[in-house]
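Hi,

Here is the structure I promised to pass on to you. Please have a look at it first, and then read my notes below.

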Amino acid sequence: MYATEPAAPAEQGEPEKPDIPLSVLDVAPVGTGYTATQALRTTAELARRAERWGYHRFWVAEHHNMPGIASTSPPVLLAHLAAHTTTLRLGSGGVMLPNHAPLVVAEQFGTLQALAPGRIDIGLGRAPGTDQATMRALRRSAQQSGPDDFPQQLGELLGFLSGSFQEGHPYGHINAVPGPANGIAGGGEWDASRPPVWLLGSSGYSAQLAGILGLPFAFAHHFSAANTIPALRLYREHFQPSEDLKEPYAMIAAGVIAADTEEEARRLALAQALAMMRLRGGRPGLLPSPEEAENHPWTPAEREFVRAYQGDHVIGDPATVRRGLFELAARTEVDELMVICNVHGDEARLRSYEIVAREWGLPGAV
């Protein structure tokens, strides 16, 4: 039935629960038999429940030309989520900065901060979040900025957000509005309420840059697990205190699929693995149903892909998920853990996050 069989649980004691916040990463997955409208409605419902359960923050990720992901425009979606929540921190995980003019990003997130003061994060990535042709369509020109120009783009964005450029900078006379020029968050000082800027990464580049600039760092453990420990080490080794952050602050995003039984979790996980296999093969589509995944004619090579891909994901029943998350947090020594439950079906998706919240011991889910 399965492309890979679950490994037998190891005989060991219960690991200690880490005393760190737990957060959500969501991509508004669109599954077979569902629409983008349904997926986005579920994302809004998930945000409401995440706030009630006690998750710390809720991020959405920018992707393009992927029919199975509806979170193409984080600022638009975050504005909707801000209207449906009151205390939950909201942010991008992330905005792919090379796809956008820094001034536009500064004004979009300045607007969000004005709408939801003190609740907005700006998570930034330097990859396009899509294929090369779509990247060119987004940027209008192949000669426009790319990942190699990320430090310059980041510097411009930070300048617009703070209202402070070096003397003689060509953009020094331009104001991002809402922003420092007119003040937001109830008339308070902008510097005290500027949305925190995070750098996101799946390798060592952004880890080092985040450390040098004294910014918080989030690592994509869910699809680059082999690089997690080296990247976190680089971040901590290169960290320099800044006005934003006195000590390093690192978070990882972990792929998690939780269900009431081990068998159901594996069914859901197999469908998600099939979606990733198709994406990496250049055939992105809707998130397959578990039935579609079970009926797929798996080849030995595909079975090996699933085994390798799921190797660092946390998949299983409540007890298995609890143990896996506790162990992952302890092994990486992160300051915060973020989970992404990319599951087919609205109820199964909500249930997965609920199980995680309960097993972590969040106050609203116990």
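A word on names before we start: helices (H or I, at least four residues) and strands (E, at least two) are DSSP runs, numbered from the N terminus. Residues are numbered from 1 along each chain as its sequence is written, and side-chain values use heavy atoms, with hydrogens and water left out. Please keep in mind that this is a predicted model, where local features need pLDDT of at least 70, side-chain atom pairs count only at pLDDT 80 or more, and totals for chains, interfaces and linings use all residues.

Let me begin with Pro288, which sits in the loop between helix H9 (262–280) and helix H10 (290–294). Pro288 has a relative accessible area of 0%, so it counts as buried (under 20% relative accessible area, with exposed over 50% and partly exposed in between; 1.4 Å probe, protein chains only). Leaving out residues up to four places away in sequence, its contacts (heavy atoms within 4.5 Å) are Thr32, Ala271, Leu274, Ala275, Arg278 and His344. Val343 is 55 residues from Pro288 in sequence, yet their C-alpha atoms are 9.4 Å apart.

On a 1 Å grid over the protein atoms alone, a cavity is a set of points where a 1.4 Å probe fits but cannot get out, while a pocket is an open set with protein on both sides within 12 Å along at least five of seven lines; lining residues have an atom within 4 Å of a point.

Ala39 brings us to helix H1 (residues 36–53), where Ala39 is buried, as are Thr42, Thr43, Ala44, Leu46, Ala47, Ala50 and Trp53. The buried residues of H1 pack against strand E1 (22–26), strand E2 (57–60), helix H2 (74–83) and helix H13 (346–360). After H1 comes Gly54, with a positive phi near 115°.

Lastly, the second largest pocket has a volume of about 820 Å³. Of its 29 lining residues, Leu158, Arg194, Leu215, Glu243 and Asp244 are the closest to its centre. Helix H5 (150–162) gives the largest share of the lining, 6 residues, and strand E6 (197–201) and helix H7 (204–213) each supply at least two.

Best wishes

Methods:
Grid points are joined across faces, edges and corners, and a volume is the space filled by probe spheres set on the points.
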